[in-house]
Amino acid sequence: MEQQPDTRGATRKGRAAVLLLIPVAVGLGIWFVGRGLTPDPNSSLFGARYNEAMELKARLGSALLGLALVQLLLAAWMYGLLPGSKSAPRAVPLTHRVTGLLAFLLSVPIAYHCLSAYGVETTSPRVAIHSVTGCVLYGAFAAKVLVVRTHRFPGWTLPLVGGLLFCAIALLWYTAALWQLNGFDTPGLT
């Protein structure tokens, strides 16, 4: 009797590859939409326009970075990585999910204004990094949701995509909000 080859490992890898294509598609989709838009610097963010909108986005971006830091600390607590801390109470995972949802919801108006006012630009290294990172942010968010929901990835995958998400938020803040709040030259970006 001939033994059949075990294809379960290959099937899992194939599913994982397909699932990872979704975040890539999200990021590329935002890139192509942003490149195809006709930017409108007159667009408003909650009624604010021009410099007022940039200032508002810088403040919202700072709040987003704060929520991302809370997310990072809560994740470290849940996984027992905070030095000197006891195991996380039952409320910590729920708090982590709620702050993650708040961070995502806070990011949407910022991203919408960036796309509608400026599109995806590559006019300078900082602007290009900001634009690419904005696309990566939503791809990383899609990846994190997929990893959390599917349970088909190795254990190291969730910290990797969570770390990528945090790094994207920090880099977006650095390339826009920090510049705006410190009065650096920011034409065409934030």
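Before I begin, one term: the helices I shall name are DSSP runs of at least four residues, numbered from the N terminus. Please also bear in mind throughout that the model before you is a predicted one.

I shall start with helix H5. This helix covers residues 157–181, which makes 25 residues. From its first C-alpha to its last it reaches 34 Å, close to the 36 Å expected at 1.5 Å a residue. Just after the helix comes Gly183, whose phi is positive, at about 75 degrees.

Which residues of H5 are buried? Among them are Thr157, Val161, Leu165, Phe166, Ala168, Ile169 and Leu172. The list also includes Thr175, Ala176, Ala177, Leu178 and Gln180. As to what covers these buried residues, the cover includes helix H2, residues 50–78, and helix H4, residues 125–150.

Let me take one residue from that list. Ala177 lies in helix H5. Why is Ala177 counted as buried? The reason is that its relative accessibility is 5%, and buried means under 20%. Ala177 also leads us to another part of the chain: its C-alpha atom is separated by 7.1 Å from that of Arg59, although the two residues are 118 apart along the chain.

In general, side chains of opposite charge can pair when their charged atoms come close. How many salt bridges does a search of the whole structure find? That search finds 1. The salt bridge is formed by Arg59 with Glu55, and the closest N and O atoms are 2.8 Å apart. Both residues belong to helix H2, and because they are 4 residues apart there, about one helical turn separates them. With a relative accessible area of 53%, Arg59 is exposed. Glu55, at 26% relative accessibility, counts as partly exposed.

Val24, Leu28 and Phe32 make a nonpolar surface patch of about 300 Å². Of these, Phe32 has its place in helix H1, which spans residues 8–36. Is Phe32 buried or exposed? Phe32 is exposed, because its relative accessible area is 57% and the cut-off for exposed is over 50%.

Note on methods
Residues are numbered from 1 along each chain as its sequence is written. This is a predicted model: local features need pLDDT of at least 70, side-chain atom pairs count only at pLDDT 80 or more; totals for chains, interfaces and linings use all residues. Side-chain values use heavy atoms; hydrogens and water are left out. Helices (H or I, at least four residues) and strands (E, at least two) are DSSP runs, numbered from the N terminus. The expected span of a helix is 1.5 Å times one less than its number of residues. Buried means under 20% relative accessible area, exposed over 50%, partly exposed in between (1.4 Å probe, protein chains only). Contact means heavy atoms within 4.5 Å. Patches are made of residues with over 30% relative accessible area and no salt bridge: like charges are joined within 9 Å, nonpolar side chains (Val, Leu, Ile, Met, Phe, Trp, Tyr) within 5 Å. Accessible areas come from the Shrake-Rupley method with a 1.4 Å probe; for residues, only the protein chains shown count as cover. A salt bridge is a side-chain nitrogen of Lys or Arg within 4 Å of a carboxyl oxygen of Asp or Glu.
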